[in-house]
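Visitor: I am new to this structure. Could you help me read its pockets and one of its helices?

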Amino acid sequence: RTLRAVHRISPRECEIDGRRLLDFSSNDYMGLSMRSELINGAVEWSRRYGTGSGASRLISGTNGAMLELEEKIAAWKGFESALILSSGYSANLGCIAALANKNTTIFADKLNHASINTGCQLSQAEFRRYRHSDMAHLRRLIAGSGGDQKLIASDTVFSMDGDIAPVPELVRIKKEYGCFLMIDEAHSACVLGRTGGGVDEYFCLAGDDIDMKMGTLSKGLGTCGGYLAGSRALIEYLRYNLPGFVFSVGISPPLAAATLEAIRLLQDDPSIMEGLHRNIRCFREEAKKRHFNTCLAGETAILPILVGRDEDAFALSMALLERGVFAPSAVYPAVPRGKARLRFCVISEHKPEQIVTALDTLQEVAAELGIKLPE
């Protein structure tokens, strides 16, 4: 069986094959997906408008909650306008295809998410990848390139290592060379910054430093879908030229209503962000005590533990599962060969003692299996 049913019974626990587990697999960073406010909002809009949008956005698949949500996200991300799509993957894939042509050269970080890389490969643009977070290499590539248009695309938080891109330097390079800068905030919105505002709040950026931000509704906001935020002219152009918007159904009314509640909660209740940042610090400190290698992880909710061989990562993940901890393995091709890891994600709802239990259990099963973890 290639797929197994995972039933979330609380934000921090799940059930697999009838067994209750501590869950470190979820990207529901704020633990919002099971909050009563989101559930009640979704139920209310389901009763009023049904469970599906019924059509593509340009025909009749746009509901009132969706328009309100686009306004809310635009304001939250510091832009004039925003566009909601059915997934973050389609947002990345489609916007690159809509913005790039044969006269465009795209410069992308080597460790960008697959959705960015695939969008670049499917576009007519020349696609050049710079070494991970190596700004000197990026400068050399841009300086040596031709083409009328230059687009820089980067994750903010990289999904396998949990490190943060040097966004201020990307902004400087963008302005110096006249590039268009697109930032993927899938793992940074709701995580970075004192209030979870994301890259702008974390780096104290100006409103026009980034040309377009992409993000997801399925991680920190606890629902499902994707968004693009930018200038009014840019979003209006994408509204009629982005295939994933023009030819795809809109998100359902209950999802839009629940996402509005998620943003409201995030802005009204600072204890949610405080809980997440407390748990990130706790995991890093406890991992350091045990001499675990957390790769490039820093201040984000993605906290990998380096293992090395794919088969060892698989064995440790399965052994943890037997001991009541769900921490999935990340192996080639998601990560380079020899760099397999356990990909822990912490959320606001975890308790510090649960983090300690998970890391103690990892230490125990590694010793029992004779697997020496890199320090």
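Guide: Gladly, starting with residue classes: Ala, Val, Leu, Ile, Met, Phe, Trp, Tyr, Cys and Pro count as nonpolar, Asp, Glu, Lys and Arg as charged, and the others, Gly among them, as polar. By those classes, the lining of the largest pocket has 11 nonpolar, 4 polar and 5 charged residues. This is a predicted model, where local features need pLDDT of at least 70, side-chain atom pairs count only at pLDDT 80 or more, and totals for chains, interfaces and linings use all residues. Residues are numbered from 1 along each chain as its sequence is written, and side-chain values use heavy atoms, without hydrogens and water.

Visitor: How much space lies in the largest pocket?

Guide: Rolling a probe the size of a water molecule over the atoms shows where empty space is left. On a 1 Å grid over the protein atoms alone, a pocket is an open set of points where a 1.4 Å probe fits, with protein on both sides within 12 Å along at least five of seven lines; lining residues have an atom within 4 Å of a point. Here the volume, the space filled by probe spheres set on the points, is about 510 Å³. Of the 20 lining residues, the closest to the centre are Leu111, Met160, Ala334, Val335 and Pro336.

Visitor: Which element gives the most to the lining of the second largest pocket?

Guide: Helices are DSSP runs (H or I, at least four residues), numbered from the N terminus. Helix α12 gives the most, with 3 residues. About 210 Å³ of space lies in that pocket.

Visitor: Is α3 mostly covered or exposed?

Guide: Buried means under 20% relative accessible area (1.4 Å probe, protein chains only). In α3, 9 of the 12 residues are buried, so defined, including Gly88 and Leu99.

Key
Helices (H or I, at least four residues) and strands (E, at least two) are DSSP runs, numbered from the N terminus. Buried means under 20% relative accessible area, exposed over 50%, partly exposed in between (1.4 Å probe, protein chains only).
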